[in-house]
Amino acid sequence: MRAIKLHCLMLSAVVCLLLADAGSVYSQSETHDFITYDTTISIFTPPWGPTNTWMVRISRPRNLFTAGNPDTASRPAIITMPGEGQQGNSDTNNLVTYGPHYWLNNGWDGSVVLGNGKHYPIIITICYVNEVYNNVQDYYNVLDTLITHYHIKKNSVHMGGLSEGAFSEGALIEYEQTPGDQAGMKMVNSVTAFEGTPNPLPAYPNPLTDTIAYKIWAAKYHGRYFYLEGNGSDDFRDGWQYSTAMNDSVPGSAYFSYENLGGGAHCCWNSMYDPSQTNWTGVGTLGPDNAPSQLGTNTMGDYVAPENVFQWMLRQGDTTLVGSGTSVPTPVPVVSAGTSQTVTLPTNSVTLTGTASETGGTIASYLWTKVSGGAATISTPATAGTTVTGLVAGTYEFKLLATDNSGDTASSTVQVVVNAAPKPVVSAGSAQTITLPTNSVTLSGNASETGGT
């Protein structure tokens, strides 16, 4: 399991995004009292540690965490990751160089207009700090953290990636935590990949095979794919293979087109995200930045102009308007892992007593895991209370995760300190002096121990 810490970096930079298009009239519009700030997320995942750190820029409702406020309602999210040039350091400028937050700094108000009104999704940009390249386990962990912490609609998660970012999000569709659980693909509704196909997955633990995963994602989880590829000399990623596989499984589930930005080079990321670019027609009369098909067949999927990439994204999930002032916050479990405990060896077991409740719902499952510490065996991890045995000296942290009947989760942690066994106190007696011919002495020693024998 993983230990997670969120640290705010730029509270002074909190800004309220203003509603644009004041002259336009829409029958309905989501509330838009938003703040934007930078934070970091640090996740430790044994055995692949050390701690993995991500920079995050998030634009979200100001009152997302204000109890009783309509803006606590879950919203869709657009979560994007730029390329390798923006990874491997903690420069927060990398969060606004490309993608949605670039456009939020350049006139876009974050609105996405669909047929039923104006939507304001949560917008998140992530960059990996530790290295230029992350592995798919780390990407899965940060995505899972974001979805849970920011109340994101589970059926409205939309990923975007540029080059390396596309490599990471693409690999997520293939990723499994345990064989057959399809963990990565079930969390994501749409993938918008710009010139980047999935990173090769490591050997753990028997991942799905490449395009097979995309076929399953389309058929089982309504997964949708939007891919733009350059047509220059560096065109070697063959993203059309994934769109072809998906369309073979579910016709119309995937879009693919070559594009001619920068002469078809590996570049020009903000032009692809441009909210004012609403013609990506790749078949027939091409859009202004599309190019004719080469190795793969351009396919429109369910894309229909006029539509920018953000509109296409949101259409692939739940399009119900939220946060309009009448929404009711989604109930989530209230969890307690109990009180901290201290024991001293040779006592090497404790009983953890957790509780969970929810107003308006029921608790469907419990899961105890060890977050940190040495050897330990959790006897019944799927119950609210459990015994932990086999402890050694040190400090432990255990987490209780509760899941309700709607799939929402909450967790709590508890600390257990195990002191080393006390050492005996020994005395060999007092010093003695004798004079020959006396040639023997009697030694009188003693030993004692507090709490032992």
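Biologist: In this predicted model, how many residues apart are Tyr214 and Trp217 in helix H4, and what does that separation come to in helical turns?
Modeller: An α-helix has 3.6 residues a turn, so residues three or four places apart point the same way. Tyr214 and Trp217 are three residues apart in helix H4. Their separation is therefore about one helical turn.

Biologist: A search of the whole structure finds 21 aromatic pairs. What is the geometry of the pair formed by Tyr214 and Trp217?
Modeller: The centres of Tyr214 and Trp217 lie 5.9 Å apart. Their planes stand at 90°, and over 60 degrees counts as edge-to-face. The Tyr214 and Trp217 pair is edge-to-face.

Biologist: Are Tyr214 and Trp217 buried or exposed?
Modeller: The cut-off for buried is under 20% relative accessible area. Tyr214 falls in that class, and so does Trp217. The class for Tyr214 and Trp217 is buried.

Biologist: At what angle does helix H3 pack on helix H4?
Modeller: Two packed helices are described by the angle between their axes and the distance between the axes. For H3 (residues 164-174) and H4 (residues 210-221), the axes are 8 Å apart. The packing angle is about 75°, which makes H3 roughly perpendicular to H4.

Biologist: Which residues of H4 meet H3, and how do the residues of the contact divide by type?
Modeller: H3 supplies Gly170, Ile173 and Glu174. H4 meets them with Asp210, Ala213, Tyr214 and Trp217. By type, the residues of this contact are four nonpolar, one polar and two charged.

Biologist: Why is H3 described as largely enclosed by the rest of the structure?
Modeller: Its buried residues include Glu164, Phe167 and Leu172. They pack against strand S5 (75-81), helix H2 (136-149), strand S9 (152-162), strand S10 (190-194), H4 and helix H5 (240-249). H3 is largely enclosed because the buried count is 11 of the 11 residues.

Biologist: At what relative accessibility does Tyr255 count as buried, and at what value does Tyr303?
Modeller: The buried class needs under 20%. Tyr255 counts as buried at 1% relative accessibility. For Tyr303, also buried, the value is 2%.

Biologist: What is the geometry of the pair of Tyr255 and Tyr303, and how many residues apart are they?
Modeller: The ring centres of Tyr255 and Tyr303 are 5.7 Å apart, with planes at 65°, so the pair is edge-to-face. Tyr255 sits in strand S12 (residues 254-259). Tyr303 lies in the loop between strand S13 (290-291) and helix H7 (309-315). The pair links distant parts of the chain, 48 residues apart.

Conventions
Residues numbered from 1 in each chain as written. Predicted model: local features only at pLDDT ≥ 70, side-chain atom pairs only at ≥ 80, totals over all residues. Heavy atoms only, no water. Axes fitted to C-alpha atoms, helices over the stretch in contact; angles between N-to-C directions. Helix = DSSP H or I, 4+ residues; strand = E, 2+ residues; numbered from the N terminus. Parallel < 35°, antiparallel > 145°, perpendicular 65-115°, else oblique. Contact = heavy atoms within 4.5 Å. Nonpolar A, V, L, I, M, F, W, Y, C, P; charged D, E, K, R; others polar. Buried < 20%, exposed > 50% of the residue type's maximum accessible area, 1.4 Å probe, protein only. Phe/Tyr/Trp six-rings, centres within 6.5 Å; stacked < 30°, edge-to-face > 60°.
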